[in-house]
Protein chains: 2
Amino acid sequence: MTELQSIDNILKKLSLADQEQVNKILYGCGYKTIDLSDVQSEDFEIAGYEFLANAEQLRCPRIVRVAAFQNKLPLPTSAPILEQRAALYDLAKDAIKVAAKAKANVFCFQEAWNMPFAFCTREKEPWCEYAESAENGPTTKFLQQLAKEHNMVIVSPILERDQVHGDVIWNTAVVIDNHGDVLGKHRKNHIPRVGDFNESDYYMEGNTGHPVFETEFGNIAVNICYGRHHPLNWLMFGVNGAEIVFNPSATTGELSEPLWGVEARNAAIANSYFSVAINRVGTEVFPRGFGNPTHTDFGHFYGSSYVAAPNGSRTPGLSRTQNGILIAQLDLNLCRQVKDFWGFRMTQRLDLYASSLSAAVKHDFTPQVIRK
Amino acid sequence: MTELQSIDNILKKLSLADQEQVNKILYGCGYKTIDLSDVQSEDFEIAGYEFLANAEQLRCPRIVRVAAFQNKLPLPTSAPILEQRAALYDLAKDAIKVAAKAKANVFCFQEAWNMPFAFCTREKEPWCEYAESAENGPTTKFLQQLAKEHNMVIVSPILERDQVHGDVIWNTAVVIDNHGDVLGKHRKNHIPRVGDFNESDYYMEGNTGHPVFETEFGNIAVNICYGRHHPLNWLMFGVNGAEIVFNPSATTGELSEPLWGVEARNAAIANSYFSVAINRVGTEVFPRGFGNPTHTDFGHFYGSSYVAAPNGSRTPGLSRTQNGILIAQLDLNLCRQVKDFWGFRMTQRLDLYASSLSAAVKHDFTPQVIRK
């Protein structure tokens, strides 16, 4: 089956007037395309958008460019680990170079970017060998150089091995600042157990809370993959002051895809911040097979990475099929402007919900049901 | 300016093959059209859809038909109140009759359906005269008859006057069961203060919690209008066991419309229930004028009512311009099936968030910020 390249391309078949109407309602009118003709690449689809904010009297615009990178595996999953990793590093280096040329300040990879998404196989070996220290593993070291060289914050979702605490494995995003220092890490809060796909074969629910990383390019946070289904996860990053929340993901399938455009975007709206949804692309084949009946892939990762703004506008997606870099120029002042306009934080009644949820988690909780 | 009738109509200009691709990703593949040719009406757009669930061994299908009604004002806002109300009652009676013919079990109106949406004017008179007792005001009495006659649960969002507690006014949804009895009421939890539109001129944040009404046609709840911007509001209805949450609304404008398709749908996904988003249609003119600079309307209410399912599928919307009735046949078994499939409730970690939010509302709360 040939995979659809993108529904955005289909919508371009409509007349310009019709496109404008559809776009205004589907995607909001809050973004413009930016010219990146000087950073075209043969290897990556490159798309650039800009979200504008109003001028203020007391604050200068806080302009930040984020880069969302989606990629296929460059080598078969059966290649030796060192070779696969080297090939991914080469690809990453190229992508970061392109993003730097596009003046990106913050770069984020897809989930578990430095390995095949092998968790569908339920095999431990060789996949657990990819797990490494968040603070000084090879992937972090590799990226620290690039972050410093390009003056770029890099968000690097990897498989973490915590040697200090008994060799436990985690699904972790490492945040490296623009001086090449590890600012900190966040461990995936919500772990999927969907059908015969159970990531808790490999790692459990994260224990790092909802950290927001203060960088020179804004306060950023990372909601890893399945955490996008949980509004409370998004909410706590907002409560802690995030202005940009990245959602590095790896998701496939007809059941997941209609949710993709909804969840990260709803989070941007509800929490008055920017969200950056990044998904893998391509089909990753595991020749030994897994599951019942035996199959050799987890489905097509449909890419479609996009950025949503606090005002509910969103960019078109990258393709469903190709490596791509999405550059979005954000004026972070928009976050507070939207808070002031819609007032969602002011009207949120967190005290009510702190109390309701505290009651709801008790074993003797009685739901508020009105019966005749 | 001529208002666009609907983006769904624009998308029909694409080839059938393209429509199928776009539809699958934009709206999900979970619904089918149902034939309502025997209930066509000259007064209302009528659309019918069906969401399917799998057969189970221990539970019979639990098939329920809901009707979402969006309407314009039949008379000018300057007509005497009694005449306006009578005209709205006539319209409502017709709509309920059509919905009954379409075998609807639960019928829901738009927000403050029995009056103009006059809260933009900030005038108290004559608009507060529309406020009435939820339990035995004229609107409730009028609908009790119809509910009984048609064996239909009716959700009636009105302006409530609470005479027992000092004549206070509330934005309230009354739930009348299919025997014509008032099952209970819910008061709007979150109140907008957007630009020069401040509903707290009329009524304050609701004090009825998040009730779920147990009816013969499923457990239903009502998230009134601006409450749709608050994921926690949606969440608590889910925690209390809602299977269908109605969102009667009155919303206008370019800034609101890109949010419309996202929020109620995200709620359906995150909470594994059906959501029914209902918006007013048309432009309501208040000849005396209000605001600064003086204007005479609050903008075009863009209708576009729709139903979203727990699996993230949604129906197309009713028009942006016309009175309409959307009939959706739901198998409520889908809610639990989706919970079992995606596991969002199981992986929700409510205990973590009860604790995080309890900390976050304290005055001495320190956000979790990682600084260098």
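Start by selecting B:Thr215 and B:Gly218: the latter, in β11(B), is the bridge partner of the former. Before going on, note that this is a predicted model, where local features need pLDDT of at least 70, side-chain atom pairs count only at pLDDT 80 or more, and totals for chains, interfaces and linings use all residues. Residues are numbered from 1 along each chain as its sequence is written, chains are lettered from A in the order in which they are written, and side-chain values use heavy atoms, without hydrogens or water.

Now show β10(B), residues 212–215, which runs antiparallel to β11(B) over 3 bridges (strands are DSSP E runs of at least two residues, numbered from the N terminus; two of them pair if DSSP finds at least two bridges). A hairpin through 2 residues links β10(B) to β11(B).

Next, pick β11(B), residues 218–222: 5 of its 5 residues are buried, so the strand is largely enclosed by the rest of the structure (buried is under 20% relative accessible area, 1.4 Å probe, protein chains only). B:Gly218, B:Ile220 and B:Val222 cover one face, B:Asn219 and B:Ala221 the other.

Time to cross chains. β10 of chain A (residues 212–215) pairs in the parallel sense with β18 of chain B (residues 369–370) over 2 bridges, and A:Val212 stands opposite B:Val369.

Last stop: A:Asp18 and B:Lys13, a salt bridge with its closest N and O atoms 2.6 Å apart (the rule wants a Lys or Arg side-chain nitrogen within 4 Å of an Asp or Glu carboxyl oxygen).

Definitions and conventions:
Helix = DSSP H or I, 4+ residues; strand = E, 2+ residues; numbered from the N terminus. Buried < 20%, exposed > 50% of the residue type's maximum accessible area, 1.4 Å probe, protein only.
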